[in-house]
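This report covers the fold, the surface and a few local features of one protein chain.

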Amino acid sequence: MNNSRMDIERGPATEENPTRSSRTRVIVFAGVVMILFLIGTQIDAGHEIERLKSFIRGLGPVGPAAFVAIYVVATVTAMPGSILSIVAGVLFGTLWGTVIISIGSTLGAAASFLIARYIARDAVRQWLSGKPAFQRLETLSANRAALIVGITRLVPLFPFNLLNYGFGLTNIPFRTYLFWSWLGMLPGTILYVGGSDAVARSVAGDSSVAVIAVVGIILVLLLVLGRIGRRKLNELDAEAGEPQVNGEVTT
């Protein structure tokens with residue numbers, strides 16, 4: 001899920017350390033979870049959560065479908081989707097929340113890609129062409145399409161929503177982009193949805209060790225994959241002739 005919102009322009013004077021960014025995301029996520037738990041225990045949110053869940057269940061298939069549609073619109077309009085992921089965990093639980101958000105984020109990524117490739121290609125190219133990070137993306141994706149899509153979904157080097165449009169301007173096949181985007185976003189989606197589900201269960205007095213364990217495993221997995229992805233990205237940049245400073249690529 002997915003879920004990074006960083007400035008896409010990266011230069012030697014303003015470049016943000018990717019490792020620091022990953023740690024910041026972990027700290028922010030843990031802080032949000034703790035705050036939600038403390039607030040929930042103080043206002044008896046468990047009762048309200050159950051009422052909201054009952055309302056959603058009463059909508060039948062319309063509820064999940066509407067949630068997917070909202071996520072797609074949020075992605076296309078470059079709005080943050082992390083809040084929707086958290087809400088999905090509370091309303092639908094880890095399993096179905098992950099399914100719903102995964103469908104929504106993948107469809108949203110697909111829509112943005114197709115808009116950039118077929119509908120507003122010139123406007124999007126004009127928007128992104130002056131950004132060094134986009135030029136880097138074009139260079140790297142020329143020969144390693146699937147790998148670059150997967151890595152950039154895991155490593156917080158490019159904003160998620162801008163990345164969707166940027167890939168639409170490359171030569172990456174749509175099916176390759178769609179599959180590896182879905183796969184790369186899945187761990188982050190599980191993390192956000194599962195984390196919010198765990199908090200909601202705790203507030204309601206129905207803690208689930210299994211959910212907490214899954215969230216912990218995914219969090220560790222994301223950190224490991226992020227480190228591997230950054231290393232591989234640096235290797236690909238070196239092959240493409242991109243300059244490196246202290247082991248990190250500058251563009």
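The text below goes from the whole chain to single residues.

This is a predicted model, in which local features need pLDDT of at least 70 and side-chain atom pairs count only at pLDDT 80 or more, while totals for chains, interfaces and linings use all residues. Residues are numbered from 1 along each chain as its sequence is written, and side-chain values use heavy atoms, with hydrogens and water left out.

**Overall fold and surface**

The chain holds 10 helices and 2 strands, where helices (H or I, at least four residues) and strands (E, at least two) are DSSP runs numbered from the N terminus. Their order along the sequence is α-α-α-α-α-α-α-α-α-α-β-β. Of the 251 residues, 48% are buried; buried means under 20% relative accessible area, exposed over 50%, and partly exposed in between, with a 1.4 Å probe and protein chains only. The chain exposes about 12,400 Å², 66% of it from carbon and sulfur atoms. Such areas come from the Shrake-Rupley method with a 1.4 Å probe, and for residues only the protein chains shown count as cover.

Leu95, Trp96, Val99, Ile103 and Leu107 make a nonpolar surface patch of about 500 Å². Patch residues have over 30% relative accessible area and no salt bridge; like charges are joined within 9 Å, and nonpolar side chains (Val, Leu, Ile, Met, Phe, Trp, Tyr) within 5 Å. A salt bridge is a side-chain nitrogen of Lys or Arg within 4 Å of a carboxyl oxygen of Asp or Glu. The side chain of serine 105 reaches the backbone oxygen of serine 102 at 3.2 Å.

Phenylalanine 67 sits in helix H3 (residues 62-76). Its C-alpha atom is 8.2 Å from that of alanine 88, 21 residues apart along the chain. Alanine 78, in the loop between H3 and H4, has a positive phi of about 65° although it is not a glycine.

| Residue | Relative accessible area | Class |
|---|---|---|
| Serine 105 | 1% | buried |
| Phenylalanine 67 | 11% | buried |
| Alanine 78 | 39% | partly exposed |
| Leucine 107 | 45% | partly exposed |

**Helix H9**

Helix H9 (residues 174-203) has 30 residues and spans 42 Å from its first C-alpha to its last, close to the 44 Å expected at 1.5 Å a residue. The expected span is 1.5 Å times one less than the number of residues. H9 bends by about 35° at leucine 186, and proline 187 follows within four residues. The bend is the angle between axes fitted to the seven residues ending at a residue and the seven starting there.

How values were computed:
A polar contact is a pair of N or O atoms within 3.5 Å; within protein, one must be able to donate a hydrogen and the other to accept it, and residues adjacent in sequence count only if both atoms are side-chain atoms.
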